[in-house]
Structure formats: structure tokens, C-alpha cells
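Let's take a friendly walk through this fold, from its overall layout down to a few individual residues. Keep the structure open beside you as you read.

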Amino acid sequence: MSQNDELRDEMMSQKNPNIWEYNGNTFELDVGDAEDAEHLENAFKRLEAAEKTVKRDGSLAEIVCAYDSMFRTLYDDIFGEGAGDMVLGERRNIDNCNASYESLLTFIEGQNAHFIQRTESLTARYGSNRAQRRAYRRG
């Protein structure tokens, strides 16, 4: 079986790499798509700006609500209106925000790793360096 066949079989056996599942909901995001990538970049810029404005003093409840609001807005910006409520549910909780954010970042990192692996595989197989192509075919 060639390495290309192995890669194809591996991709077929996996669930859709563009689907993020969280809190019983599914969200589609393809960071290799220009429009999705732009939404993602803008959402992270907005999150960064919001982090700078969150009050660090005040009541604990106010801080928790502001933190939660940042993440609800992030998910709405990436996946569309109402996504923040679907991801985080009804309760405003910092741990929920952190867990969902960590899950999202892991999902995005997985997509990036997939793109890098596929690009390297294609470059090795079809690139201009003849010696590299022969080495790729051997092993």
C-alpha cells in the first residue's frame, strides 16, 4: 500500500476534520478556507481587544460575567449569532469558558497540523526535487 493510499484511508476513517463538536452541538470551521480564516482572525482580534477592557476590579460576579461575555462574542463571531449560547450554555462560568476555548484551540491546531502534513506529503511526492521524490516513494 502506498503512502498516498495510507493517507487517504486515514482521512476516510476519521470524522470530518472541519466539524468541532462541543456541548452536544456541532460547528463547522475550515481554517483552510479564506472566508472562515478571516472570521477567525477577526474574532481573535476582537477577543484580544475585549480582554484589555475587562475590569479587573469590581465584584467577582461582574468579572465572571465580563469574561463569559467575551467568549460568547468570540463564538458568535466565528460560528454565527447564537453560537456562544450553544457552546457555553445558560450558566456563566469561567471554567466553562476556559474548557471550551482550550477545546477550540486544540481543534484549530489539529486542522493546521493536517494542512502541514498534507502539504509536506504533496511537496515530497510532486515537488521539483527528483531525489526527494524517489526517497518518498521508497519509504
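Following the sequence, the protein chain runs in the pattern α-β-β-α-α-α-α-α, with six helices and two strands in total. Here helices (H or I, at least four residues) and strands (E, at least two) are DSSP runs, numbered from the N terminus. The model is a predicted one, in which local features need pLDDT of at least 70 and side-chain atom pairs count only at pLDDT 80 or more, while totals for chains, interfaces and linings use all residues. Residues are numbered from 1 along each chain as its sequence is written, and side-chain values use heavy atoms, with hydrogens and water left out.

Some overall figures come next. Of the 139 residues in the protein chain, 26% count as buried; buried means under 20% relative accessible area, exposed over 50%, and partly exposed in between (1.4 Å probe, protein chains only). The protein chain has an accessible surface of about 9500 Å², and carbon and sulfur atoms account for 47% of that. These areas come from the Shrake-Rupley method with a 1.4 Å probe, and for residues only the protein chains shown count as cover. When contacts between residues at least 6 apart in sequence are considered, 59% of them join residues at least 24 apart, where contact means heavy atoms within 4.5 Å.

Now for the interior. In soluble globular proteins, nonpolar side chains tend to be buried together. The largest nonpolar core here has 22 residues, and those with the most contacts inside it are Trp-20, Tyr-75, Phe-79 and Leu-104. Such a core is a set of buried Ala, Val, Leu, Ile, Met, Phe, Trp, Tyr and Cys residues joined through side-chain atoms within 4.5 Å. At least two residues of this core come from each of β1 (19–22), α2 (34–53), α3 (60–79), α4 (83–88) and α5 (94–126).

How do α3 and α5 pack? Their axes come within 9 Å and cross at roughly 30°. That makes α3 roughly parallel to α5, since angles under 35 degrees count as roughly parallel, over 145 as roughly antiparallel, 65 to 115 as roughly perpendicular and the rest as oblique. The axes are lines fitted to C-alpha atoms, for helices over the stretch in contact, and angles run from 0 to 180 degrees between N-to-C directions. Among the residues that meet are Phe-71, Leu-74 and Ile-78 in α3, and Cys-97, Tyr-101 and Leu-104 in α5.

| Residue | Relative accessible area | Class |
|---|---|---|
| Gln-111 | 3% | buried |
| Gly-89 | 22% | partly exposed |
| Leu-74 | 1% | buried |

Leu-74 lies in helix α3. Beyond four places in sequence, Leu-74 is in contact with Ala-43, Phe-44, Leu-47, Tyr-101 and Leu-104. Leu-74 and Tyr-101 are 27 residues apart along the chain, with their C-alpha atoms separated by 9.5 Å.

Gln-111 belongs to helix α5. Not counting residues up to four places away in sequence, Gln-111 touches Pro-17, Asn-18, Leu-29, Asp-30, Val-31 and Gly-32.

Gly-89 sits in the loop between α4 and α5. With residues up to four places away set aside, Gly-89 touches Asn-23, Arg-72 and Gly-84. Gly-89 and Asn-23 are 66 residues apart in sequence and 7.9 Å apart in space, C-alpha to C-alpha.
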